[in-house]
Amino acid sequence: VRDMSADEKKAHVEAYKAGKAAKAAEEQAKKDAEAAARATELAEHRAQKEKAEAAKKVGDDAKEVDAAREEFQTVMKGMPSHDDSAAAAQAVTAARYALYAKVEAVYPTEYPLPPAGDG
């Protein structure tokens, strides 16, 4: 085994430190990714819980909103005039606002996708 020169020792120490720093950065990135995944999972759980609580709060009071939405869908099946479609949409909005004023919960929290059309 030969002795290393001062420059070789310095280069060896710097390479060791760089490797150690890279490993520490990799470990920190892994911890950050795990924390982000946990935060996302927690946010999804909270959203599901809030949705369930809102549905429980709304209960039978949602019938007016559902009726207004069904009326809107019926109106929109044909070629309604602008006034008819606006009135039906306004009825849905008014029913949702009235429900929120009553139970302080948004309903529905998600709308289903519209049926496929020709355009």
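## Reading a pocket and a helix pair

Mentor: Let's start with the largest pocket, whose volume is about 280 Å³. A pocket here is an open set of points on a 1 Å grid over the protein atoms alone, where a 1.4 Å probe fits, with protein on both sides within 12 Å along at least five of seven lines. Its volume is the space filled by probe spheres set on the points. This is a predicted model, where local features need pLDDT of at least 70 and side-chain atom pairs pLDDT 80 or more, while totals for linings use all residues. Residues are numbered from 1 along each chain.

Trainee: Which residues line the largest pocket?

Mentor: Lining residues have an atom within 4 Å of a point. Among them are R69, F72, Q73, M76 and K77, together with Y111, P112 and L113. The lining divides into 8 nonpolar, 2 polar and 2 charged residues.

Trainee: How are two packed helices described?

Mentor: By the angle between their axes and the distance between the axes. Here, helix 2 (residues 63-77) and helix 3 (residues 82-103) have axes that come within 9 Å and cross at roughly 165°. Helices are DSSP runs (H or I, at least four residues). Angles over 145 degrees count as roughly antiparallel, so helix 2 and helix 3 are roughly antiparallel to each other.

Trainee: Which residues of helix 2 make the contact?

Mentor: Contact means heavy atoms within 4.5 Å. Helix 2 uses E64, V65, A68, R69, F72, V75 and M76.

How values were computed
Side-chain values use heavy atoms; hydrogens and water are left out. Ala, Val, Leu, Ile, Met, Phe, Trp, Tyr, Cys and Pro count as nonpolar, Asp, Glu, Lys and Arg as charged, and the others, Gly among them, as polar. Axes are lines fitted to C-alpha atoms, for helices over the stretch in contact, and angles run from 0 to 180 degrees between N-to-C directions. Helices (H or I, at least four residues) and strands (E, at least two) are DSSP runs, numbered from the N terminus. Angles under 35 degrees count as roughly parallel, over 145 as roughly antiparallel, 65 to 115 as roughly perpendicular and the rest as oblique.
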